[in-house]
Amino acid sequence: MSDSLLSVGKIVNTHGIRGELKIWLQTDFPEVRFAPKAKLLIMHPEHGEQITVTVAASRPYKQMYIVQFAEFNNINQVEKYKGYEVKVSKEESVELPENEYYFHEIIGCNVVDDEGKELGVIQDILRPGANDVWVVRMPNRQELLIPVIDDVVLDVDVESKLVKIHLMEGLL
């Protein structure tokens with residue numbers, strides 16, 4: 001079931017006494033995900049307990065969003081949800097522009113160089129600033145950091161889970 005869900009945030013704390021929650025964002029579309037009347041799933045990270053909630057109101061706050069769910073209006077009702085993940089179904093994913101991908105589409109892709117040599121599998125995505133960096137676990141267990149720029153990433157085929165890159169000098 002959780003394979004068909006996308007994480008859009010994580011509840012990190014309560015805010016005020018009226019049941020508002022601080023949510024750490026894991027989405028590029030918070031204005032869509034946390035729009036009034038949006039349906040979300042909050043899920044316990046370990047035992048998977050799920051509750052469907054409806055956004056009543058939300059607003060940006062630092063690197064987070066403050067969200068009020070229609071189902072709760074008091075701090076005592078929401079205190080127990082700290083640490084819960086906020087999810088949506090994959091069917092509700094926002095269509096991305098060409099050459100942009102969701103994390104779940106990239107993580108697990110095999111990486112080959114422009115001569116077809118296998119380099120490893122993408123394990124993680126870092127977002128340090130100007131561009132994302134894909135963390136590739138190589139067969140020798142070392143990590144290769146791939147900057148996601150046009151000079152390096154030549155082709156991404158999410159259907160076949162294959163990424164072709166140009167190994168610029170200094171990457172290996």
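Six strands close into a barrel in the order β1-β2-β5-β4-β3-β6, with antiparallel pairing. From one strand to the next, the twist averages 50 degrees; axes are lines fitted to C-alpha atoms, and angles run from 0 to 180 degrees between N-to-C directions. Strands are DSSP runs of E of at least two residues and helices are runs of H or I of at least four residues, both numbered from the N terminus. Two strands are taken to pair if DSSP finds at least two bridges between them. The model is predicted, with local features requiring pLDDT of at least 70 and side-chain atom pairs counted only at pLDDT 80 or more, whereas totals for chains, interfaces and linings use all residues. Residues are numbered from 1 along each chain as its sequence is written, and side-chain values use heavy atoms, with hydrogens and water left out.

A second hairpin is formed by β4 and β5, with two residues between the strands; here Lys-62 in the turn has a positive phi of about 55 degrees. β4 and β5 (residues 64-69) pair in the antiparallel sense over six bridges, and the bridge partner of Tyr-61 in β5 is Met-64.

His-44 lies in the loop between β3 (39-43) and β4 (50-61). His-44 counts as buried because its relative accessibility is 16%, the limit for buried being under 20% relative accessible area (exposed is over 50%, partly exposed in between; 1.4 Å probe, protein chains only). The side chain of His-44 reaches the backbone nitrogen of Glu-46 at 3.0 Å. Not counting residues up to four places away in sequence, His-44 touches Glu-49 and Tyr-84, where contact means heavy atoms within 4.5 Å.

A further six strands form an open sheet of mixed pairing, in the order β10-β9-β8-β7-β12-β11. Its edge strands, β10 (143-147) and β11 (153-157), each pair on one side only. The twist in this sheet averages 35 degrees from one strand to the next. β11 and β12 (residues 162-165) run antiparallel and are joined by four bridges; the bridge partner of Asp-157 in β12 is Leu-162.

An unreviewed UniProt entry lists residues 104-171 as "domain: Ribosome maturation factor RimM PRC barrel"; such annotations may be inferred rather than shown by experiment. In the model, this span is 4% helix and 47% strand, and its end C-alpha atoms lie 24 Å apart.

Notes. Polar contact = N/O pair within 3.5 Å; in protein donor to acceptor, adjacent residues only side chain to side chain.
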